[in-house]
Amino acid sequence: MINDLKTVSEINAEISRLQRKAEVIKRKTRQNVLADIVRTMRDNDLTMDEIAQAFRHPGVKPNTSPTVKYKHPSGATWSGRGRTPGWMKAAEAAGESRERYLLPTPSTNPQ
């Protein structure tokens, strides 16, 4: 079909048609990509604030460890951020409250 184009106006018309088609494909792809991003955020317990922070400071890592807010009797700890650890999920599934493991004073160096 492209070889059949003989004039500049035919070529320009074909370019316009292809650009419109490309925009349709971009819109469809964009919707799938956005759905994947939302699914990944939900799977990893990410918030919009965390994503926005990543864009504000790309590649910059905090100088300190996250503050430990929860501690299991086995010594396992969790900051309360990110994905809920297995021990916390198991405790909640057994009917225990998250507050049971909440430390009275958050600590940056678990022991």
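Start with Tyr-101. Tyr-101 is buried, because its relative accessible area is 5%. Buried means under 20% relative accessible area, exposed means over 50%, and partly exposed is in between, with a 1.4 Å probe and protein chains only.

A word on the source. This is a predicted model: local features need pLDDT of at least 70, side-chain atom pairs count only at pLDDT 80 or more, and totals for chains, interfaces and linings use all residues. Residues are numbered from 1 along each chain as its sequence is written, and side-chain values use heavy atoms, with hydrogens and water left out.

What does Tyr-101 touch, not counting residues up to four places away in sequence? The list is Lys-69, Tyr-70, Lys-71, His-72, Pro-73, Trp-87, Met-88, Ala-91 and Glu-96. Contact here means heavy atoms within 4.5 Å.

Next, the core. Tyr-101 belongs to the largest nonpolar core, six residues in all, with Tyr-70, Trp-78, Trp-87, Met-88 and Ala-91. Such a core is a set of buried Ala, Val, Leu, Ile, Met, Phe, Trp, Tyr and Cys residues joined through side-chain atoms within 4.5 Å. Helix H3 (residues 86-93) gives the largest share of this core, three residues. Helices (H or I, at least four residues) and strands (E, at least two) are DSSP runs, numbered from the N terminus.

Now the rings. How many aromatic pairs are there by the ring rule? Two. Rings of Phe, Tyr and Trp (its six-membered ring) pair if their centres lie within 6.5 Å; planes under 30 degrees apart are stacked, over 60 edge-to-face, the rest tilted.

Tyr-70 and Trp-78 are stacked, at 5.3 Å centre to centre and 25 degrees between the planes. Both are buried. Trp-87 and Tyr-101 have ring centres 5.5 Å apart and planes at 75 degrees, so that pair is edge-to-face. Trp-87 sits in helix H3 and Tyr-101 in the loop between H3 and strand S3 (102-107), so the pair ties together parts 14 residues apart in sequence. Trp-87 is buried too, because its relative accessible area is 16%.

Pro-66 is in the loop between helix H2 (48-56) and strand S1 (68-71). Pro-66 has a relative accessible area of 40%, so it is partly exposed. Its C-alpha atom is 6.1 Å from that of Ser-79, 13 residues apart along the chain.

Last stop: Val-33, in helix H1 (residues 8-43). At 41% relative accessibility, Val-33 is partly exposed.
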